[in-house]
Amino acid sequence: MTRSRYLIPAASQPRVRRAADATGVALGVLLFLWSWRAYQRVDDVEATVSGIVGRIPDWLGGTISVVYAFGLLYVAGLFLAVLAQWRQRLDAARDMVLAAFTIAVLATSLVRLISGSWPRFLPELGLAEPISQFPLFRVAVVTGVLLVVAPHLTRPMRRFGWGVIVLVAVAGVGLGLGLPSSAIGALGLGAASSGIVLLIFGSPRGFPDTNSIVLALRGLGVEVADLSLDDDQSWGVRRLVGVSDVHGRIEVKAYGRDATDSQFFARTWRYLWYRDTAPSLALTRMQSVEHEALVTMMAERTGASVPRVLAAGLGGDDMAILAVDRSGRRLSEMDSDEIADDLLVSIWGSVSDLHGGRISHGGLSSAAITVTADGHQIGDFGAGVVAAPGAALSLDIVELLVSMARLFGVERAVASARQGLGEEVLSDVLPYIQMPGVSAQERRALSKPKAFVLEVHDEVARVTATEAGEQVQIRRVRGKNLLMVGVSLFAVYFLLSLLSDIDFVAVWDELQGAEWPFIVAAFVVGQVVYFPEATAMLAAVGYPIPLRPVVILQSAIKFISLAVPSSAGRIAMTAAFLRKYGVSFTSAFVQGSIDTMSGLGVEVSILLLAFASGGLTLGLDTGETEWGPILLVLIGLVLLVIYLIRRVQRLRDWVLPILGEASVAFRDVLQDPKRALGLLASNFGSRFVLALSMWLILASLDVSLGIWSVLTATVATGLLGGIVPIPGGVGVSEAALTAFLVLFGVEETTAFAAAVIYRMATFYIPSGAGFFSMRWLEKNGYV
């Protein structure tokens, strides 16, 4: 069968909704809003570009017109190519038509609303004089259609499409149809519209077809017959099973060149969010194959019963192939009475062999094990790790223990694990038998996962005679706390109005005159802060924790901050969360503190840079200040604390272990450049995201203030809010932010209006959502 070099195989292509499409929508909206504001305020760069365009000679203008027309012709040609195979590609044709229609309507309406004229649909005909419009109609349509059809195209065609988009955008500006901001706004509109269409209908995964895989295997020296899709399809790779005359039953994993879900950024996202892909985060399909082949062969050397690698390599220039001999039935598909106790014990023996060689599986459920005529095999080492840390080995055992308990009963599973692993190993795993230690797939297979995991935990504690560790108690938000917050907020605003003579009528007028699209964008950007906050915590902790519950934890911390001062609430919540991953209370407390203290360090550094550069001054005259007595007082306080720790036994027993673990934890972070840089970069990123949200709010109020000035104001406000022992910094943050914005030249009424909107977008409304995040964490056993 002849395969197209321009379109991915049409048969058997599942459609999925990708995180990349949602990201494209968000980035497209932000790009459009930013360019719209830039179009309203033509700067020197755009004025210079307009001047250059006016001097373009006629011969060059003709060439630019050809380029501009080529974009439209290219889109039409792609549509005809898709339409020629309409029986197999009806979905692609539908996506292109829907995207083109949606963007045409939106672009026409926006051009009419913003520019006061109708779009120049065919400027090449010369029927009307070119005028500057926003956004550029053709750029938006070409961008949207090419992005929506991109998942159906091979990689070279996708890259060519991006080149066409850039050329059309430049040509539109060159013809005088719009400013650079007009072209950028059109790119944002096209990206957002195409992303919405793909989110509605999904994107094809771009898997290689079966005939191509058979040919690729033949090129690698493996002849296979009756190759068919496996019932269990893993994420990001096509799994097949077949029969070989030489090797018997084999299992094949095929990574296609254009399998979009196996691309680097998508794999990175899924690994961080779910922790169900290889932690190596392979850059290419070949690296994915090589990684799994290496871990499988290393596992074989430990003496564990694992499949034998038959072939691993590139199948031509289209895909990467991994083939292993895999016989028998999956353990997850067998009934309890078909499995002997000796077989379960032997499986645990293989697990012990793997872990003895410091190899973790990364997804050791019953689905990864097959029962053969002479025993068993442990396969699927795509998420495996060589020289794995102890936590990864413990999580392997927890996953398989819960999986076996679900299939064969709790007592039987625990008894076989005790016999195959040894009582000491099983006892050491006890702290990890928590809901966070069980994969999402295994939890979904249980009707009452929380109660079931607790039953497994109690059974392990019983058979090993191990006492369960003490759980961390979390302070809850009660009605009286919320009432106190409301009273405090009212009182602070009342005092603020008396002290600053703020006219709330003028504030209301400011809010009514605000550009609400920018406020909506500021709210959306403000919620992005959960991601850098989560990555900062992961860098501080150093444990392989999925990103999703950590992100939700950051939202829950907002809710807890209504009752507990922010720094204390963050440390307590982080400690409780880590306890569910088997971390001791002292270690959890210390690691939670590392994240908080590094954040404070980043904030102080930003403010010191602002002071040093002259970007921030409080107008205080300290020339006659006597610093000697102040230093003596500070030294005296330090000596008093040291004396109390040395003399008070109870205080010493509590403080010294924490200080000891803290020094070790800080040393571990500093000795790992990746963790240290990740911690600092994530903390800076979270502050920058909040500053960007504030910048958008000021833009909505027609205030032009540099992003670094805004960053200084929000960081200084956050630092004060974290130090003052008031839950959530209620009132204090609003007053401080208003004062700092005034220092940077913002009018007082406008500054207060911006501060109120900022706090609503980044704290008060997210705190309400944090209640549901807290409930989710409790329901799923994360706190």
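## Basis

In this predicted model, local features need pLDDT of at least 70 and side-chain atom pairs count only at pLDDT 80 or more, while totals for chains, interfaces and linings use all residues. Residues are numbered from 1 along each chain as its sequence is written, and side-chain values use heavy atoms, without hydrogens and water.

Helices (H or I, at least four residues) and strands (E, at least two) are DSSP runs, numbered from the N terminus.

Two packed helices are described by the angle between their axes and the distance between the axes. Axes here are lines fitted to C-alpha atoms, for helices over the stretch in contact, with angles from 0 to 180 degrees between N-to-C directions.

Helix H12 (residues 390-408) and helix H16 (residues 449-463) have axes that come within 11 Å and cross at roughly 105°. H12 and H16 are therefore roughly perpendicular to each other (65 to 115 degrees; under 35 is roughly parallel, over 145 roughly antiparallel, the rest oblique). In contact (heavy atoms within 4.5 Å), Leu-401, Val-402, Ala-405 and Arg-406 of H12 meet Phe-452, Val-456 and Val-460 of H16. By class, this contact has six nonpolar, no polar and one charged residues. Ala, Val, Leu, Ile, Met, Phe, Trp, Tyr, Cys and Pro count as nonpolar, Asp, Glu, Lys and Arg as charged, and the others, Gly among them, as polar.

The axes of H19 and helix H26 (residues 673-700) come within 8 Å and cross at roughly 175°. That makes H19 roughly antiparallel to H26. H19 contributes residues including Phe-518, Ile-519 and Val-525 to the contact, and H26 residues including Leu-692 and Leu-696. The contact divides into ten nonpolar, three polar and no charged residues.

Val-520, Phe-523, Val-524, Met-760 and Ile-765 form a nonpolar surface patch with about 400 Å² of accessible area together. Patch residues have over 30% relative accessible area and no salt bridge; nonpolar side chains are joined within 5 Å, like charges within 9 Å. Areas come from the Shrake-Rupley method with a 1.4 Å probe; for residues, only the protein chains shown count as cover. H19 (516-527) and helix H29 (748-779) each supply at least two patch residues. H19 gives the most, with three. Met-760 is found in H29.

## Salt bridges

A salt bridge is a side-chain nitrogen of Lys or Arg within 4 Å of a carboxyl oxygen of Asp or Glu. The count comes to 16. Asp-380 forms one with Arg-239, the closest N and O atoms being 3.3 Å apart. Asp-380 lies in the loop between strands S11 and S12 and Arg-239 in strand S4, so the pair ties together parts 141 residues apart in sequence.

## Backbone features

A cis peptide bond joins Phe-134 and Pro-135, with omega about -10°. Arg-358 has a positive phi of about 60°, although it is not a glycine.
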